[in-house]
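Here is a walk through one protein model, from the overall layout down to a few aromatic side chains. Keep the 3D view open as you read.

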Amino acid sequence: MALDQSFTGRTYPPTEPYEVGREKIREFAVAIGDENPAYTDPAAARALGHPDVIAPPTFVFSITFAAAEMVTQDPKLGLDYDRVVHGDQKFRYSRPVVAGDVLTVTSVIESVKSMAGNDILDIRGDVHDAAGEHVVTAYTKLVARAPEEDK
């Protein structure tokens with residue numbers, strides 16, 4: 001059953017604030033194998049003009065994808081998450097994420113399409129800091145594969 005295309009443009013409430021910790025940034029940098037000192041050394045980050053360590057660009061995926069659960073778990077949308085694969089991910093930054101940032105994410109359904117029996121859902125996650133300033137927008141494409149035919 002195809003997703004309801006009238007959900008295009010639907011905006012979900014902002015998430016609870018997420019405080020970005022220096023240790024979380026360090027753990028993430030280690031996990032992805034990025035040794036950039038701006039991710040682990042406050043002095044190195046300050047030398048680059050940042051107030052504290054900065055997060056690798058893909059760090060925000062964890063909070064924006066968690067926020068997108070409001071969309072994927074919306075029973076009215078009718079998404080069968082058992083058939084979902086992650087199709088694409090993009091980020092558009094206004095500034096780096098910095099340790100100490102308190103971030104919220106507002107998820108918006110950018111589009112709902114059906115192609116060859118697959119449902120394609122594009123979700124935009126707008127990330128703002130505690131002052132309401134834009135930090136980054138994450139664009140997530142999810143594909144719900146068509147059900148397999150009985151053999």
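What pattern does the protein chain follow when read along the sequence? The answer is β-α-α-α-β-β-β-β. Keep in mind that this is a predicted model. In total the protein chain has 3 helices and 5 strands.

**Overall picture**

The C-alpha trace of the protein chain spans about 60 × 35 × 20 Å along its principal axes. There are 151 residues in the protein chain, and 40% of them count as buried. If you take the contacts with a separation of 6 or more, 69% of them come from residues 24 or more positions apart.

**The sheet**

The 5 strands make an open sheet with antiparallel pairing, in the order S1-S3-S4-S5-S2. At its edges stand S1 (18-19) and S2; each has a single partner strand, so one side of each is left without a neighbour in the sheet. Helix H3 (residues 61-72) packs on this sheet and touches S1, S2, S3 (102-115), S4 and S5. The direction of H3 makes about 55° with that of S3.

How many of the residues of S5 are buried? The count is 8 of 11, so to speak a mostly covered strand. S5 runs antiparallel to S2 (residues 84-93), and 9 bridges join the two. With S4 (residues 118-128), S5 pairs over 10 bridges, again in the antiparallel sense.

Gln 89 has Thr 140 in S5 as its bridge partner. Val 143 in S5 has Val 85 standing opposite, and Ile 120 stands opposite Val 143 too. S4 and S5 also form a hairpin, with 5 residues between them. In that turn, Gly 132 has a positive phi of about 85°.

**Aromatic side chains**

Now for the rings. The structure holds 3 aromatic pairs, and two of them are described here. In one, the ring centres of Phe 28 and Phe 59 are 5.5 Å apart with the planes at 85°, so this pair is edge-to-face. Phe 28 belongs to helix H1 (residues 22-32), while Phe 59 sits in the loop between helix H2 (42-47) and H3, so the pair ties together parts that are 31 residues apart in sequence.

Phe 61 and Phe 65 make another pair, this one stacked, at 5.0 Å centre to centre and 25° between the planes. Both lie in helix H3, 4 residues apart, which is about one turn of the helix.

| Residue | Relative accessible area | Class |
|---|---|---|
| Phe 28 | 22% | partly exposed |
| Phe 59 | 3% | buried |
| Phe 61 | 27% | partly exposed |
| Phe 65 | 22% | partly exposed |

Why does Phe 59 count as buried? Its relative accessible area is 3%, and buried means under 20%. Phe 28, at 22%, counts as partly exposed.

One more ring deserves a look. What sits over the ring of Phe 7? That would be the charged end of Arg 10, 3.8 Å from the ring centre.

Note on methods: Residues numbered from 1 in each chain as written. Predicted model: local features only at pLDDT ≥ 70, side-chain atom pairs only at ≥ 80, totals over all residues. Heavy atoms only, no water. Buried < 20%, exposed > 50% of the residue type's maximum accessible area, 1.4 Å probe, protein only. Pairing = 2+ DSSP bridges. Contact = heavy atoms within 4.5 Å. Axes fitted to C-alpha atoms, helices over the stretch in contact; angles between N-to-C directions. Phe/Tyr/Trp six-rings, centres within 6.5 Å; stacked < 30°, edge-to-face > 60°. Lys NZ or Arg CZ within 6 Å of the ring centre and 35° of its normal.
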